[in-house]
Amino acid sequence: MAPPHPPLWPLETKVSGSRQEKSTTDDLPAIYRYYEAPRKRIVGNPADDIPAFLRRELSLGGLADMLKHLWLAGAERPATPLHFHAAMGREIAIADRMDLHLLWADKGRLFVKPVPRFLLDLAFCRSNLQCPDGCACCNPPADTCRGIARKVALGFLYTYACLVSSESDFHLANEKRLLPRNEDGTPINWADWKTLARELLRMHERDPDVVHPRFLRAELRLSRVNIIHRFTRLPPFRPYLRGWHNYSSLFRDNIAWMTAATIFVALVLTAMQVGLATERLQRNATFQQASYGFTVFAILGPICAFGLVALGALFNLANDLTLLIRGQRNRTGTRSRGEVSQSAP
Ligand SMILES: [Zn+2]
């Protein structure tokens, strides 16, 4: 039986932003960051090990394990054009992480990953995002298989074809530095971009499976991704991305909804008090029971809510301290081993 035909990079359009006349590694970033273990951040040179760099750069992180639950976080539809996001008052926040691309926070922030220069470099994509001869792209994938990375790259570019669909979007994308620029600092050619966007659209129409399923749902609500993560991943109750970075902002954010809930409870209690003053409701046993139950809830509810927020803060503090102490012990161990080896002949 003949070996399967290797899946090829399906795009042909050359966009002026990539430096195709030089070595393809010139299109890579200066350095990149990744986590070797929780809280252990490493920086590396992407040109040293391009497949390892691409695995991390095109990784969907925890979103890949939540795919079947993502219906809760966003509808299956193409990305909304950039100018419309701006018209809706969303602030475009640059986030150079593939898993954060097109996640939007409740405060009106939309995370957008800029297009990496190397993804517009045909030669680079053909040599690094195509599977070797005979690859069947099976599950789990072989080490040499580029199937998932290629689908993520094409899905990401497809979202850009939808985000930057008109000249207004193109100007906005260049203003926000979402698209790579030419070497002289000028924006890439609109005509080139138009050709690439249409090619991406044709590719998706021909075979929707060519893009990663994450990108079939463009914008995802961060708050709902956090809910999915809290209930489907271990350790439980941890959000996917913390919306707060210190404990005062945690309490401030929670006090906002607790104040709104307290006002609502106070309104209901006032209405019940007025109801109890009327002759008809004074003799109504059901209303009396409901008033009794709601009064108990009004006393215990705020105490429980504040207690839960305090417990959440303590849980996070305990986690942070454990990781910091473990990191400090590792550093001390490495230093003392270093001292021994230095003193050794
Ligand atoms: Zn493959």
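Guide: In this predicted model, the crossing of α4 and α6 is left-handed. By class, the contact between these two helices comprises 6 nonpolar residues, 1 polar residue and no charged residues.

The geometry of the pair is as follows. Helix α4 spans residues 147–163 and helix α6 spans residues 190–206; they pack at an angle of about 120°, and their axes lie 9 Å apart. Angles of 65 to 115 degrees would count as roughly perpendicular and those over 145 as roughly antiparallel, so α4 and α6 are classed as oblique to each other.

The surroundings of this contact may be taken next. The largest nonpolar core has 55 residues, and those touching the most other members are L103, A153, L157, Y158 and V164. Two or more residues each come from α1 (50–57), β4 (103–104), β5 (109–112), α3 (122–128), α4, α5 (167–175), α6 and α7 (222–232). The largest share is that of α4, which supplies 11 residues to this core.

Leaving aside residues up to four places away in sequence, V164 touches L82, D169, F170, A173, W193 and A197.

Most residues other than glycine have a negative phi. C137, in the loop between α3 and α4, has a positive phi near 50°. C137 is partly exposed, because 16 other C-beta atoms lie within 10 Å. R177, in the loop between α5 and α6, likewise has a positive phi, near 60°. R177 counts as exposed, because it has 11 C-beta neighbours inside 10 Å.

Finally, the whole protein provides the setting. It has 10 helices and 6 strands. Of its 345 residues, 23% are buried. Among contacts between residues at least 6 apart in sequence, 64% join residues at least 24 apart.

Methods
Residues are numbered from 1 along each chain as its sequence is written. This is a predicted model: local features need pLDDT of at least 70, side-chain atom pairs count only at pLDDT 80 or more; totals for chains, interfaces and linings use all residues. Axes are lines fitted to C-alpha atoms, for helices over the stretch in contact, and angles run from 0 to 180 degrees between N-to-C directions. Helices (H or I, at least four residues) and strands (E, at least two) are DSSP runs, numbered from the N terminus. Angles under 35 degrees count as roughly parallel, over 145 as roughly antiparallel, 65 to 115 as roughly perpendicular and the rest as oblique. A crossing is left-handed if the near helix is turned anticlockwise from the far one by less than a right angle, and right-handed if clockwise. Ala, Val, Leu, Ile, Met, Phe, Trp, Tyr, Cys and Pro count as nonpolar, Asp, Glu, Lys and Arg as charged, and the others, Gly among them, as polar. A nonpolar core is a set of buried Ala, Val, Leu, Ile, Met, Phe, Trp, Tyr and Cys residues joined through C-beta atoms within 7 Å. A residue is buried if 20 or more other C-beta atoms lie within 10 Å of its own, exposed if 12 or fewer, and partly exposed in between; C-beta atoms are placed from the backbone. Two residues are in contact if their C-beta atoms, placed from the backbone, lie within 7 Å.
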